[in-house]
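Student: I would like a close look at a single part of this model, with the conventions stated alongside.

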Amino acid sequence: MASHGFWSLGAENAGDNSNQSPSRPRAWCQAAAQKFTGGFGSRICALLNVGEAEKPADPAAKQTQVESETCGCNKPCNCSKTNLGFSDLYSTDLLPATNGDMKTMTFLQEVVDILLSYIVESFDRSTKVIDFHYPNELLQTNNWELSDEPETLDDILINCRATLKYAIKTAHPRYFNQLSTGLDMVGLAADWLTSTANTNMFTYEVAPVFVLLEYVTLKKMREIIGWQEGRGDGIFSPGGAISNMYAMLLARFKMFPEVKEKGMSSVPRLAAFTSEHSHFSIKKGAAALGIGTDSVICIKVDESGKMIPSDLERRIVEAKQKDLVPFFVSATAGTTVYGAFDPLIAIADICKKHDVWMHVDGAWGGSLLMSRKHRWKLNGVERANSVTWNPHKMMSVPLQCSALLVREEGLMQNCNQMHACYLFQQDKQYDLSYDTGDKALQCGRHVDIFKLWLMWRAKGTIGFEAQIDKCLELSEYLYNKINDREGYEMVFNGKPQHTNVCFWYLPPSVRYLEDKDERKQRLHKVAPVIKARMMEYGTTMVSYQPQGDKVNFFRMVISNPAATFEDIDFLIEEIERLGQDL
């Protein structure tokens, strides 16, 4: 199936990645130049030396180059770059310096040019996903040390280029290494705006629009979960691990509100429950809250990674018999490795029976609620007391964007408020419920909401739905292609529940080994070697790991809407190319 539109620029060279040079002219530049007006495409092509981290031998030559450029304002003006170079300018020459406005605008335009050329290059399949160097090499070949004296703005621009030269192109259509991949242009624009506004989310007083956008977006997300009229509460936190810890904190406070003032010595020994395949953040949250990792009881999973409800109930009963107090069950909607969805309805029945807080960690799989085709995998989520949902994963919102949704309104405020009078004065002229900072664990809180809100406005719910459905279609394509292909073996039977496709690649030398122990030992080494070669060639990246008694296998995940069927084909061919001699 052919790719279309902007993603296809340079796709004709997609198979030749091994001999790329950062300074090599690219055929797609001409296509880009035609797509953009005002000479913008030509400027991007000219700026594709973003990888050049070294200064020119002759500083005067660079000065001449800078002075030969014009501002590109598309209207008569006096802001020609002939009046400005950066080799003798410093940060103190920029705003708020007197007469620093033009210098600031020109400097920032240079930075934007670097960013734009990097963005366009990131979507070009003929470029590397990574220009890999070992840590000692990067330390030795580049000067990253901090000094007492300031560097010129010329040096600062070189630092920007060098940083991006060695950065992983997470927007690249062949980067599959993490759950969060891709780069959305509207989300990026929102991130730039957020950084420009540079405000804090603790009060309506300093973030009026952002606070309101968080209010309406969280309400919409609660409606999608299925809570009546979107009632409840919630907050955006610095990632799914913190959202999960919030849930555990609220569950403990709900059962034992005295713990807020008196601490853990005032409550009996607690017990939390989660599956063997759940995210490590559940245990980390228990450690941080003083509950202890030993109090987290791991529940067995079936072959596909789903929690077994009968084992959950058995362990809850056992905990009570040992005088432990069950207070928290974390079900997972989309496990990190297998992408499994726990049976939420059965788990909800057990939680109701034993009066235990039910949390759903939907950091990875929660976004499937946006898809009419796939939301059935979260049936029962509306019965949860709290839900973690990370739009920075399947919805491609720029990092970071994680929401905790809570069914009971006011609980977060009661649990976390400290009445700091220098922020949360009670005699302000507006509705104080919009001062959301006192229900958060943080004081300073980044504006994460605007990226999600602006992307939602740009795509609509149906746009997110199409994006999610496409990624799941690609994962099914990969599964169907390798399920019966020689040299591949699936980690568990059945089609993937999410976009996670877990498999072993068996090189020819391993396929017919009869000694099971030797086969296992040799297979354990295959994925790490192929992954290392991927990074050294820079052609693609995909994750691997062991799981329980299973040796290292590839965990392919797809969340980048730029990926195509051709990219999946390329991945398979690349694994075979890099692993055939093992």
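Student: Is the crossing of α9 and α11 left-handed or right-handed?

Tutor: The crossing of α9 and α11 is right-handed; a crossing is called right-handed if the near helix is turned clockwise from the far one by less than a right angle, and left-handed if anticlockwise. This is a predicted model, in which local features need pLDDT of at least 70 and side-chain atom pairs count only at pLDDT 80 or more, while totals for chains, interfaces and linings use all residues. Residues are numbered from 1 along each chain as its sequence is written, and side-chain values use heavy atoms, with hydrogens and water left out.

Two packed helices are described by the angle between their axes and the distance between the axes. Here α9 (residues 240–255) and α11 (residues 281–288) pack at about 55°, with their axes 9 Å apart. That makes α9 oblique to α11; angles under 35 degrees count as roughly parallel, over 145 as roughly antiparallel, 65 to 115 as roughly perpendicular and the rest as oblique. Axes are lines fitted to C-alpha atoms, for helices over the stretch in contact, and angles run from 0 to 180 degrees between N-to-C directions. Helices (H or I, at least four residues) and strands (E, at least two) are DSSP runs, numbered from the N terminus.

From α9, the residues Ala241, Asn244, Met245 and Met248 meet Ser281, Ile282, Gly285, Ala286 and Ala288 of α11, contact meaning heavy atoms within 4.5 Å. By class, this contact has six nonpolar, three polar and no charged residues. Ala, Val, Leu, Ile, Met, Phe, Trp, Tyr, Cys and Pro count as nonpolar, Asp, Glu, Lys and Arg as charged, and the others, Gly among them, as polar.

Helix α11 also lies across β3 (270–275), β4 and β5 (325–332), and runs at about 165° to β4. Helix α13 (residues 344–354) packs on the sheet as well, touching β5 and β6 (357–362), and its direction makes about 155° with that of β6. The sheet is open, with seven strands in the order β2-β8-β7-β6-β5-β3-β4 and mixed pairing; two strands pair if DSSP finds at least two bridges between them. Its edge strands are β2 (233–237) and β4 (296–299), each of which pairs on one side only.

As for confidence, the protein chain averages a pLDDT of 89, and 86% of the residues score at least 70; pLDDT is the predictor's confidence in each residue, from 0 to 100.
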